[in-house]
Amino acid sequence: MMVIGIAGGSGSGKTTVVDGLLRRLNKESVVIIPQDSYYKDCCDLSDEQKRNNNFDHPDAIDWNLLCDQLSALKSGRAIEQPVYSYISCTRSKTETVHVEPADVIIIEGILVFTCKRLREQMDIKIFVDADDDDRLMRVMERDTTERGKDVHWVIERYTRTVKPMYLQFIEPSKRYADIIIPQGGHNTVAIGIIAATLEKALAKKRQ
């Protein structure tokens with residue numbers, strides 16, 4: 001089993017990199033653990049408090065649950081991954097995602113390198129780098145089309161939390177990376193090299 005950590009700023013192309021790896025690897029041998037599923041439940045907060053909550057700070061993540069569930073997968077035990085709603089900023093009380101152990105576990109999220117306990121469980125750490133303007137455009141498109149936010153909300157949040165938290169926590173975490181992918185998810189050459197390396201390592205482990 002190999003654990004791959006993929007970090008990078010919001011809108012950097014992490015999901016595109018993951019999708020690129022999945023197209024090249026045996027999908028049945030890979031499970032994706034998104035950091036976003038482990039946001040702390042905000043059901044007790046008012047709408048105004050939710051609006052002002054800093055979702056780009058490490059304190060917004062339930063690291064204990066994420067680390068415990070990763071440990072369980074590495075030990076060969078299945079987990080019930082939480083389901084988080086960006087619309088209501090709450091964790092589902094009734095719904096989970098059943099995840100079985102696999103040959104490759106990919107942990108993906110903006111802050112995954114900021115948690116030492118999580119980093120120590122990773123075999124390979126990849127940082128997806130991208131230009132600030134490109135990231136902002138992707139964030140605007142994603143949040144308005146997929147998360148029901150208006151443009152003014154996205155710009156205000158980017159200015160208030162996304163950019164400052166990137167500079168304070170995410171960009172500095174690049175130093176923990178074994179591999180840095182410039183140009184975000186557009187770098188098909190880098191994605192191909194990483195996929196080939198993983199395939200070779202997995203084939204060796206199966207021998």
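These questions and answers go through some terms used for this predicted model.

Me: Why is Gln 35 called buried?
Reply: Its relative accessibility is 0%. Buried means under 20%. Therefore Gln 35 counts as buried.

Me: Where is Gln 35 found?
Reply: Gln 35 is in the loop between strand E2 (30–34) and helix H2 (47–52).

Me: Which residues is Gln 35 in contact with, leaving aside neighbours within four places in sequence?
Reply: Among them are Ile 61, Trp 63 and Glu 108. Contact means heavy atoms within 4.5 Å.

Me: How do you know that E6 and E7 pair?
Reply: Three bridges join E6 to E7. Pairing takes at least two bridges, so E6 and E7 pair. The two strands run parallel. Val 128 stands opposite Ile 181 in E7.

Me: What makes E2 and E7 edge strands?
Reply: The open sheet has the order E2-E5-E1-E6-E7. E2 and E7 each pair on one side only.

Me: What does H1 touch on the sheet?
Reply: H1 packs on the sheet and touches E1, E2, E5, E6 and E7. Its direction makes about 150° with that of E1. Buried residues in H1 include Val 17, Val 18 and Leu 21.

Notes: Residues are numbered from 1 along each chain as its sequence is written. This is a predicted model: local features need pLDDT of at least 70, side-chain atom pairs count only at pLDDT 80 or more; totals for chains, interfaces and linings use all residues. Side-chain values use heavy atoms; hydrogens and water are left out. Helices (H or I, at least four residues) and strands (E, at least two) are DSSP runs, numbered from the N terminus. Buried means under 20% relative accessible area, exposed over 50%, partly exposed in between (1.4 Å probe, protein chains only). Axes are lines fitted to C-alpha atoms, for helices over the stretch in contact, and angles run from 0 to 180 degrees between N-to-C directions.
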